[in-house]
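Here is a short report on one protein chain. Keep the sequence and the 3D view open as you read.

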Amino acid sequence: MSWKGRLETENDLYRYHETPARYTAGFAIGIIAVELIYPKLPGNVANATTYPFPVLYKKVVFDIERLFEGDPALKDVIIEAAKDLEKEGVRAIIGACGYFGHFQKDVADAVNVPVFLSSLCQLPLIKTAISTRKKVAVFAASGDNINEEILRKAGTDTDRVLVENIGTLPAFHGIRYGETGFNNKRLQEEICNAAENLLVREPDVGAILLECSDLPPYARAIQDITGLPVFDFNTMIDMVYHAVVQKTYYGYF
């Protein structure tokens with residue numbers, strides 16, 4: 001596979017251009033997002049201003065709880081959304097909820113571009129990076145659904161993984177159930193309290209992974225409280241973008 005539609009110098013602007021030719025162009029990252037109605041702040045995967053590069057969204061419509069549970073009936077809808085994004089020219093596909101990970105292997109096998117449906121895909125990397133004496137705390141929107149099955153599809157297992165269930169926090173209710181508002185300050189305080197209490201109970205945590213695509217706006221505050229590396233959807237998306245859109249380096253040597 002090759003992409004010939006790169007303009008990197010002034011001379012490139014004057015070349016003869018042909019395929020790829022579509023009604024829009026320039027989207028390297030495609031994001032599958034469930035239709036949920038609530039305020040999506042910068043940092044949220046479903047807020048396009050989160051990124052310094054353009055992203056293309058594809059909406060899917062179903063009850064988010066079905067996605068948490070990995071309902072097999074959702075597979076075809078998600079694969080269709082991924083194929084639509086591929087047709088639009090994206091170079092990689094992301095899912096805007098960690099529980100899209102139930103379908104990671106299905107979608108990766110159905111398209112010809114890299115697929116990272118869940119922030120959980122980072123777990124093997126994080127486990128490799130930290131001491132074997134340390135654990136990874138996963139902050140999850142539905143803690144009961146972070147199990148051996150979904151982690152296996154992300155290339156790992158439950159060993160050295162602690163799950164912190166953020167979905168039960170009172171201020172998270174408006175996000176989980178799709179309401180028209182939520183108290184952002186209160187939610188940040190509740191998440192930070194949860195992080196602080198976790199480290200009291202589990203002092204051997206070496207890194208934190210935010211499963212939920214709504215949690216990156218709080219990553220900095222969590223890091224300030226814990227002093228730990230914090231991984232989320234956006235650390236993954238930034239890495240994926242730079243893998244599929246490599247740059248030419250200029251400077252002195």
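## Terms and model

Buried means under 20% relative accessible area, exposed means over 50%, and partly exposed lies in between (1.4 Å probe, protein chains only). Lys 127 has a relative accessible area of 11%, so Lys 127 is buried.

This is a predicted model: local features need pLDDT of at least 70, side-chain atom pairs count only at pLDDT 80 or more, and totals for chains, interfaces and linings use all residues. Residues are numbered from 1 along each chain as its sequence is written, and side-chain values use heavy atoms, leaving out hydrogens and water.

## The sheet and its helices

Helices (H or I, at least four residues) and strands (E, at least two) are DSSP runs, numbered from the N terminus. Two strands pair if DSSP finds at least two bridges between them. Here 4 strands form an open sheet, in the order β2-β1-β3-β4, with parallel pairing. The edge strands, β2 (55-60) and β4 (115-116), each pair on one side only. Strand β3 (residues 92-95) meets β4 over 2 bridges. Ile 93 stands opposite Val 115 in β4.

Helix α9 (residues 233-244) packs on this sheet and touches β1, β3 and β4 (contact: heavy atoms within 4.5 Å). The direction of α9 makes about 170° with that of β3. Axes are lines fitted to C-alpha atoms, for helices over the stretch in contact, and angles run from 0 to 180 degrees between N-to-C directions. Helix α2 (residues 75-87) lies across β1 (29-34), β2 and β3, at about 155° to β2.

## Aromatic rings

Rings of Phe, Tyr and Trp (its six-membered ring) pair if their centres lie within 6.5 Å; planes under 30 degrees apart count as stacked, over 60 as edge-to-face and the rest as tilted. The whole structure has 3 aromatic pairs. Tyr 51 and Phe 53 have ring centres 5.6 Å apart and planes at 25°, so they are stacked. Phe 53 and Tyr 241 are stacked too, because their centres are 3.8 Å apart and their planes at 5°. This second pair links distant parts of the chain: Phe 53 is in the loop between β1 and β2, and Tyr 241 is in helix α9, 188 residues apart. Both Phe 53 and Tyr 241 are buried.

## Salt bridges

A salt bridge is a side-chain nitrogen of Lys or Arg within 4 Å of a carboxyl oxygen of Asp or Glu. The structure holds 11 of them. One joins Asp 157 and Lys 127 (3.1 Å, N to O). Asp 157 is partly exposed at 31% relative accessible area.
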